Amino acid sequence: MHFPESELILNKDGSVYHLNLHPNQISDTIITVGDPDRVPQITKYFDKIYDQVQKREFHTTTGAYNNKRITVISTGIGTDNIDIVLNELDALVNIDIKTRKLKEKQTSLNLIRIGTSGAIQPDIKVNSFLLTETAIGLDALLPFYKESTIEDASLFQSLQNHFIKNQFTIPFYMSEANKALVMRFEDSQLIKGVTLTNPGFYAPQGRALRLPLRFPNFNQMIRDFTFKSQKITNLEMETAGIYGLANLLGHRAISLNAILANRATHTFSKHPDKTIEALIVFALEKISNL
């Protein structure tokens, strides 16, 4: 399989178009963050720095923590950027950039998202850590890929029925965390949850400023959904896209969420930076043992 110039776009120096990276500049273990400023917040703990590349909102640093080579990359906000980042990271390890041909041996990356999120259930405490086991995407990314699948058909059908009952007409998809990574990150500090990935911060998460909402009872509808022992636990803007593309491309992904807000109790963290810092330290220790 040969990838033409219009599909696999490269810069003049041979790096991938948006990320501006060469294959030797990334590790097989990659931390993704939304905010570019969070990259140095993580890499300040590194023992060594090997590469630093910046283009647009995509800031990448590769270094070592406890002798383990790790790449940290900022994605910006939203699954449209996730589409760029995951496809170009995959191209760096699974396509021969010089010949534009698919490699015979495929590489699986470990992708760990460290992000912030708002809880939707009143019993989830602000400043807690949540690992997403299942992600529900209200964005339109995964349906554009032919091989997108539903891993838990019964949960999907139950949520679809709940949406229909509440006259919520936005289509959705579901994707799962990598089970092996979930086991490796198992810890008493982590809540496991079902995360809703939204295509925006305001109306798509039930926030109203000057514009009226089409679904004014959105948050209550999400909060009320129950399937067996599962409830939707939190809202954010990237996880479903990361899980969906990682699974289709043969990579392993998990999402770690610092819960900074609780939408049910209308509370926000008094020390968000401290909470994010604690999650970073927790994640790095787990990653160094992968």
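Author: Two strands pair if DSSP finds at least two bridges between them. Strands (E, at least two residues) and helices (H or I, at least four) are DSSP runs, numbered from the N terminus. This is a predicted model, in which local features need pLDDT of at least 70, side-chain atom pairs count only at pLDDT 80 or more, and totals for chains, interfaces and linings use all residues. Residues are numbered from 1 along each chain as its sequence is written, and side-chain values use heavy atoms, with hydrogens and water left out.

Reader: How many bridges join strand 8 to strand 13?

Author: Three; strand 8 (residues 129-137) and strand 13 run antiparallel. In this pairing F129 stands opposite A258 of strand 13.

Reader: Do strand 7 and strand 13 run parallel or antiparallel?

Author: Parallel, with 10 bridges joining strand 7 (residues 110-119) to strand 13. Here G115 stands opposite N257 in strand 13.

Reader: What do strand 13 and strand 14 form?

Author: A hairpin, with four residues between the two strands. Strand 14 (residues 267-268) pairs with strand 13 in the antiparallel sense over two bridges, and N262 stands opposite T267. In the turn, H266 has a positive phi of about 60°.

Reader: Why is strand 13 described as largely enclosed?

Author: Buried means under 20% relative accessible area, exposed over 50%, and partly exposed in between (1.4 Å probe, protein chains only). Strand 13 (residues 252-262) has 10 of its 11 residues buried, so it is largely enclosed by the rest of the structure.

Reader: Where does Y202 lie?

Author: In the loop between strand 10 (190-197) and helix 5 (218-224). Y202 counts as partly exposed because its relative accessibility is 43%.
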